[in-house]
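Thanks for coming. I have a few local features to go through, so please look at the model while I talk.

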Amino acid sequence: MTPVITAFEASPDRGRGLARDMRVRWAFEEAGAAYDVRLVSFAQMKEAAHLALHPFGQIPTYEEDGLTLFESGAIVLHIAERHGGLLPEEPGPRARAINWLFAALNTVEPPIVEREAAGYAERDREWYGERLEMLDARVDTRLGQLARRLGQADWLDGAFSAGDLMMVTVLRRLEGSGLLEKYPNLTAYVARGEARPAYKRAFEAQRAVFERSQGGG
């Protein structure tokens with residue numbers, strides 16, 4: 001059975017590759033593995049059929065041969081473990097790559113997402129400016145730590161891995177904020193990820209879905 005993932009029928013990111021199905025698409029492309037996509041609307045995401053796959057009513061989900069997964073990190077890790085190209089063979093480097101995947105999700109992404117959420121829900125509050133300064137400082141702390149660890153290396157720990165895939169997608173969420181530009185090695189790191197052929201294929205695939213949703217073909 002070809003794995004099936006779910007993605008937004010009309011992504012709120014307007015095809016910029018920020019929705020979390022992008023991570024899964026990229027992992028499949030790096031692995032050279034086939035996959036199918038089932039598009040869901042926001043209404044369908046709250047219906048029983050989708051909630052049986054994802055109890056929190058989000059995307060992406062993954063289905064294959066009776067196995068159902070949710071959470072983009074778990075899905076990417078599953079793909080990486082089943083296929084070559086995303087995790088080193090040696091136990092130590094493999095464990096460190098997985099370590100970086102979790103670091104992207106658990107340490108770097110939360111303050112970035114909190115900053116995004118504040119922009120959506122609190123922008124009209126009189127205290128928003130002060131809160132944004134605090135949120136920016138939290139993000140900047142993580143970026144500084146990550147930049148120091150990356151240094152002048154191309155990737156986080158030797159060759160490109162699932163850890164880099166996840167970290168690049170997390171850092172891309174800062175697009176337009178001006179925060180990442182303070183760290184040239186991180187902007188170059190993201191650019192290297194975006195330049196990978198597998199990334200480009202995944203990006204175009206998700207972009208095409210959005211364009212069709214807008215009547216663009």
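Asp65 counts as exposed, at 58% relative accessibility; exposed means over 50% relative accessible area, buried under 20%, and partly exposed in between, with a 1.4 Å probe and protein chains only. Asp65 sits in the loop between β3 and β4 (67–70), and its phi is positive, about 50°, although it is not a glycine.

Before I go on: this is a predicted model, where local features need pLDDT of at least 70, side-chain atom pairs count only at pLDDT 80 or more, and totals for chains, interfaces and linings use all residues. Residues are numbered from 1 along each chain as its sequence is written, and side-chain values use heavy atoms, with hydrogens and water left out.

Helices (H or I, at least four residues) and strands (E, at least two) are DSSP runs, numbered from the N terminus.

Arg14 also has a positive phi without being glycine, near 60°. Arg14 lies in the loop between β1 (4–8) and α1 (21–31) and is exposed, with a relative accessible area of 51%.

Next, a cis peptide bond: Ile59 to Pro60, omega near 5°. Pro60 is in the loop between α2 (48–51) and β3 (61–64).

Now helix α5. How far apart are its end C-alpha atoms? They are 32 Å apart, which agrees with the 33 Å that its 23 residues, 128–150, should span at 1.5 Å a residue; the expected span is 1.5 Å times one less than the number of residues. Buried residues of α5 include Tyr128, Arg131, Asp136 and Gly144. Among the elements covering the buried residues of α5 are α4 (91–121), α6 (162–171) and α7 (184–195), where contact means heavy atoms within 4.5 Å. After α5 comes Gly151, with a positive phi near 60°.
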